[in-house]
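This report concerns the packing of one protein model. The sequence and structure are shown first.

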Amino acid sequence: MRGKLALLLILILALGFLAARLFPREKAEHYPDFGGGEDEKLLPVDQGKENPDFLRFREELQSAVERKDLEYLKRHLSDKIRYTFGENHSTRGFLRAWKLDEDPSSSEFWAELDAVLSLGGTFNNEEKTIFTAPYVYTRFPEKFDPFQHQAVIAKGVKVYEKPDREAKVLGKLDYSIVKVQEEVVQKGKESWLKIQNSSGEEGFIQARYARSPVDYWASFQKTESSWELIFFVAGD
């Protein structure tokens, strides 16, 4: 019995050695912090879990968004929903503005709301009956121009010398607020942002890792029976 166990152990060790040779582990990448000398961060905030009732509703809504469930959405739209800073025309106008009344499955609304819901948010009052998302909108520091700056929404975001993932990596960013110099849109490829850190150094990041505080934001209000979407607009 001991001989068989010893043989089995040798076999396991041999297989482990062979696997290490065939599939070597990549070395961990270590890049300098690209934030600059006065880097200011906007860390993620999500107060949704502080109200279990809202948390349940948000989870249901996220599932509905994934299914592109228009009937569920209609049940949770306020009759007074504001979807523009101009003239608003209740739920009918909202549905028309997002082409949800024509071809709901191809409407851009679902992707926009999904992005908003994925980035947490905060309650507007002590009673926790009004919730606004995302945190990038509710918590963005006033001292930064919201039309010139964006928040990096992830940790360890690589900053490249050029808008190309094969280019030299200059460093990384963790939830930093950066100044956006320009957006680089390449046909058929992902979009990039040319950004500047607090020390004036420039580089490029993939646009999907940053968000502007003037992108779409949403507010939900508690009703007698559930929650309603009362705001879905873009702008300050």
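## Basis of the model

The model is predicted, with local features requiring pLDDT of at least 70 and side-chain atom pairs pLDDT 80 or more, while totals for chains, interfaces and linings use all residues. Residues are numbered from 1 along each chain as its sequence is written, and side-chain values use heavy atoms, without hydrogens or water.

## Helix H4

Helix H4 spans residues 90-97; helices are DSSP runs (H or I) of at least four residues and strands (E) of at least two, numbered from the N terminus. Gly93, Phe94 and Leu95 of H4 are buried, that is, under 20% relative accessible area with a 1.4 Å probe, protein chains only. The buried residues of H4 pack against helices H3 (70-75) and H5 (109-117) and strands E1 (77-82) and E12 (227-234). Lys99, which follows H4, has a positive phi near 60°.

## Nonpolar cores

A nonpolar core is a set of buried Ala, Val, Leu, Ile, Met, Phe, Trp, Tyr and Cys residues joined through side-chain atoms within 4.5 Å. The largest has 28 residues, of which Phe94, Leu100, Phe109, Phe220, Leu229 and Phe232 touch the most other members. Elements supplying at least two residues each to this core include H4, H5, helix H2 (52-67) and strand E11 (216-222). Apart from it lies another core of 13 residues, among them Val157, Val159, Val180 and Ala207.

## Largest pocket

The lining of the largest pocket includes Val180, Glu183, Ala207, Arg208 and Asp215. Strands E7 (177-184) and E10 (210-211) each supply at least two residues of this lining.

Terms used. Buried means under 20% relative accessible area, exposed over 50%, partly exposed in between (1.4 Å probe, protein chains only). Contact means heavy atoms within 4.5 Å. On a 1 Å grid over the protein atoms alone, a cavity is a set of points where a 1.4 Å probe fits but cannot get out, and a pocket is an open set with protein on both sides within 12 Å along at least five of seven lines; lining residues have an atom within 4 Å of a point.
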